[in-house]
Amino acid sequence: MASVYDFKASNNRRIFMLSAVFVVLVLVAAWWGSYAFALGAFVSDPINGEESYTSKIRHTLINHVIDNAVDGRMDAYFLPDAAALKTKARGLANRVTLVVFLLGLFWVLKGYKYGEWMVLNAAHAVRLKEPEHRELYRLATTACKTAGVAAPRLYVIMDDSLNAFTAGADPQRPAIVVTSGLLEKLSKQELEAVLSHEAAHIQFGDVKLIMTGLVTSLLFVLMGEACFASIVLNRKAGLLGFLAGGFAGIFCWTIGLIVCPLMNLAVSRECELRADAQAVLLCRNTGALISALEKISKDSRVEILDLHPSMVGLCIASPRARGSLLLELSGLAATHPPMAVRLAALKEMDGRA
């Protein structure tokens, strides 16, 4: 049977692979996008003190037509040499790729830490002060200490629904977020079970993995928007630059809005079942976790998270409204295992099945 260390090692391998693929995709998109864009932008500029490439084409074409008219020659090839233009474009592409590589490396190494700040702000989470919520902090600290991680910082989302998630990717500075409805409607034992579930995510390194995917998705979306903005702002890019910027933007948006979220969905589904089982070992109260999940399943929608679909995989239960019937039946858009499956597994552990 796999141990906690095995799961953490597996998550670290996934983070490494995700980061490596991210860097490769970004560098490929940056080089080819900037190269094609530079060709379109420099085609009308003088190069090395000489006339521009478009001027060379115009003069060559005129001379070609005159030669054909005078001598009767019909050369099919008349385009001038584009070596200087390509060299200048490659130079710009290399410089852009180097800058993007340094930014991407920083994002891979430190991005998930800033991802915590982005998640907390996007959810409008408010920090709970320990002197005013001593019992809640005691429950959370006990769960985290049992899991072998540091005492958490606690935040609340003012929403009557029942949900919770972990935002801190650093096991030495974890952050657990709960809704106000969860604090009001769950008993002490049920709340302890939910906090144990979140502590299990921190223990396994699930949060770091999901946060890495989340910030990667966000960066690709921002890169796509930058590509589209460059098309609008740079009027002299020409047709080639327009096509290059559009293709690069679509490529980045596809990765950011489709590929990365789908990868996160698969990771999230696996992590939830594992965290449920570990939570039972941490709180020693299977019945409390079953009862808590039953209550959460009846009202887990968090309205503020409707605006941030990339954060759905962090929560203990899906915080969004139900999608189309087709997606519900196929499970393609499911960020979590069906609640019935999770409850059945817990009841089997509790000897009720």
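Which residues cover the two faces of β2, and are they buried or exposed? In this predicted model, R153, Y155 and I157 lie on one side of β2, L154 and V156 on the other, and all of them are buried, where buried means under 20% relative accessible area, exposed over 50% and partly exposed in between (1.4 Å probe, protein chains only). That makes five of the five residues of β2 buried, so the strand is largely enclosed by the rest of the structure.

A few ground rules come before the rest. Residues are numbered from 1 along each chain as its sequence is written, and side-chain values use heavy atoms, with hydrogens and water left out. Because the model is predicted, local features need pLDDT of at least 70 and side-chain atom pairs count only at pLDDT 80 or more, while totals for chains, interfaces and linings use all residues.

Overall, the protein has eleven helices and four strands; these are DSSP runs numbered from the N terminus, helices being H or I with at least four residues and strands E with at least two. Of the 353 residues in the protein, 46% are buried. Taking contact to mean heavy atoms within 4.5 Å, residues 24 or more positions apart account for 70% of the contacts with a separation of 6 or more.

Now for the sheet. The four strands form an open sheet of mixed pairing, in the order β1-β2-β4-β3; two strands pair if DSSP finds at least two bridges between them. β1 (126-127) and β3 (164-166) stand at the edges with a single partner strand each, so one side of each is left without a neighbour in the sheet. β1 and β2 (residues 153-157) run antiparallel and are joined by two bridges: V126 has V156 as its bridge partner in β2, and R127 has Y155. On to β4, which runs parallel to β2 and is joined to it by five bridges. Here V156 turns up again, with V178 as its bridge partner in β4.

Two helices go with this sheet. Helix α4 (residues 134-147) lies across β1, β2 and β4 (175-179), running at about 125° to β2; axes are lines fitted to C-alpha atoms, for helices over the stretch in contact, and angles run from 0 to 180 degrees between N-to-C directions. Helix α6 (residues 188-204) also packs on the sheet, where it touches β3 and β4, and its direction makes about 25° with that of β3.

Helix α6 holds H197, which is buried with a relative accessible area of 0%. Leaving aside neighbours within four places in sequence, H197 is in contact with E272, A275, D276, A279, I316 and R342.

As for rings, the charged end of R274 sits over the ring of F204, 5.2 Å from its centre (the criterion being NZ of Lys or CZ of Arg within 6 Å of the ring centre and within 35 degrees of the ring normal).

T254, in helix α8 (residues 238-283), counts as partly exposed at 34% relative accessibility. Its C-alpha atom is separated by 8.5 Å from that of F220, 34 residues apart along the chain. In helix α9 (residues 286-298), the buried residues are T286, A288, L289, I290, A292, L293 and I296.
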